[in-house]
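Come along while I look things up, one entry at a time.

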Amino acid sequence: MKHFPELARRITVKAGNDQEASVAECYSISGGSVLWTPSFRRNLFDWEVDEAVNLLTSLQRQEMDFSMEDKWHWKWNPEGIFFVKSLAARLGRRGVPDFPVQQVWNPISLTKASFLVWTMAPNKCLSKENLVRRGIQILDQSCSLCGCSAESIDHLCLHCPFTAQLWNHLLKSLKVCWVMPRSVKELLCCWHIVGWSKKKKTLWEVIPSAVMWCIWTERNRRVFSNKFLSLEDLTQKLVGKLISWLSVAADFRNCNVSDVLFSLS
Ligand SMILES: [Zn+2]
């Protein structure tokens, strides 16, 4: 189904009521030719019909070996059996395509902040937009920080006027000109800088997760506790997080905390 991402994302192909159906249960043989008869979990919308037709056309072109038993086969292991080790070896060799692993799992960031960024990069974090997509009814879908636009992860973390001031403060302190990309994932993929000392690069790499952690916790404070931090207080909190996280990094171990504050002041 990887060639039919919309179908795979929105609906599940099944045979009868069995979502664990084998391939053999999804076709019949009529007049010596194979007739594919998968059913879908729900009726297709108009915009999904073309992709479903392409799926059936693609299936029709497959050559079937009816002498073989229908069974699961894990292609990254010579025996065809799934082992976690084979998956880890595969990911270790090739990495996850188009995913900013190094930026998401920065060893200096707080683990729960890394986990948050891991959910934000593929837009899985539960913003109001994503909650509505999952069928949750929300009357006020506006951004919890600025109240002007719909609350999506990309808006909250990058394009919200409130968040933009936080980014601008950091970037201006570091004397960096930066144009925000469209999405969190794109930001993480391009968050590199050249020509800096190792120490400054360490600081640079931890900034996205610190900003996103502060923005998300502030968003939750407003939504669930009806309490607000001013931009100045949130900036201080952000700098505090950076100091706290960087204090465990080897580059900053013998460094006075005020050095970090100085670079961001
Ligand atoms: Zn906003």
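**Entry 1: the overall picture**

I began by noting that this is a predicted model. I then looked up the secondary structure, which comes to twelve helices and four strands. Next I asked what share of the 265 residues is buried. Buried residues make up 20% of them. I also checked the contacts with a separation of 6 or more, and 54% of those join residues 24 or more positions apart.

I picked helix 5, residues 111-120, and asked which of its residues are buried. I found A113, L116, V117 and M120. These four cover an arc of only 95° around the axis, so they sit on the same side of helix 5. Then I turned to the other side of the helix, where T111 and K112 are exposed.

What covers the buried residues of helix 5? My list includes helix 4 (101-104), helix 7 (153-159), helix 9 (184-190) and helix 10 (198-225).

**Entry 2: a closer look at A113**

I stayed in helix 5 for A113. Is A113 buried or exposed? I counted 22 C-beta neighbours inside 10 Å; the cut-off for buried is 20 or more, so A113 counts as buried. Leaving aside neighbours within four places in sequence, I see A113 in contact with S209 and W213. I also looked up A113 and P208, which are 95 residues apart in sequence. In space, their C-alpha atoms are 10.0 Å apart.

**Entry 3: helix 5 against helix 10**

Which residues meet here? From helix 5 I wrote down A113, S114, L116, V117 and M120, and from helix 10 P208, S209, M212, W213 and W216. Sorted by class, the residues of this contact are eight nonpolar, two polar and no charged.

**Entry 4: helix 10 against helix 11**

I followed helix 10 to its contact with helix 11. The axes of these two come within 9 Å as well, and they cross at roughly 135°. Helix 10 and helix 11 are therefore oblique to each other. I looked up the handedness too, and helix 10 passes helix 11 in a right-handed crossing.

On the helix 10 side, I listed T202, L203, V206, A210, V211, W213, C214 and E218. They meet L234, K237, L238, K241, L242, W245 and L246 in helix 11. By class, I get eleven nonpolar, one polar and three charged residues in this contact.

**Entry 5: helix 8 against helix 11**

Helix 11 (residues 231-246) also has a contact with helix 8 (residues 161-173), so I looked up how they lie: their axes come within 11 Å and cross at roughly 50°, which makes helix 8 oblique to helix 11. This crossing is right-handed.

The contact is made by F162, Q165, L166 and H169 of helix 8 and by L231, L234, T235 and L238 of helix 11. I sorted them by class and found five nonpolar, three polar and no charged residues.

**Entry 6: residues in the loops**

I finished with the loops.

N123 has a positive phi of about 60° although it is not a glycine. I found N123 in the loop between helix 5 and helix 6. With 16 C-beta neighbours inside 10 Å, N123 counts as partly exposed.

K175 has a phi near 60°, again a positive value in a residue other than glycine. K175 is in the loop between helix 8 and helix 9. I counted 7 C-beta neighbours inside 10 Å, so K175 counts as exposed.

My last stop was L126, in the loop between helix 5 and helix 6 (128-133). With 12 C-beta neighbours inside 10 Å, L126 counts as exposed. L126 and I153 are 27 residues apart in sequence, and their C-alpha atoms are 8.3 Å apart in space.

Methods:
Residues are numbered from 1 along each chain as its sequence is written. This is a predicted model: local features need pLDDT of at least 70, side-chain atom pairs count only at pLDDT 80 or more; totals for chains, interfaces and linings use all residues. Axes are lines fitted to C-alpha atoms, for helices over the stretch in contact, and angles run from 0 to 180 degrees between N-to-C directions. Angles under 35 degrees count as roughly parallel, over 145 as roughly antiparallel, 65 to 115 as roughly perpendicular and the rest as oblique. A crossing is left-handed if the near helix is turned anticlockwise from the far one by less than a right angle, and right-handed if clockwise. Two residues are in contact if their C-beta atoms, placed from the backbone, lie within 7 Å. Ala, Val, Leu, Ile, Met, Phe, Trp, Tyr, Cys and Pro count as nonpolar, Asp, Glu, Lys and Arg as charged, and the others, Gly among them, as polar. The arc is that of the directions from the helix axis to the C-beta atoms.
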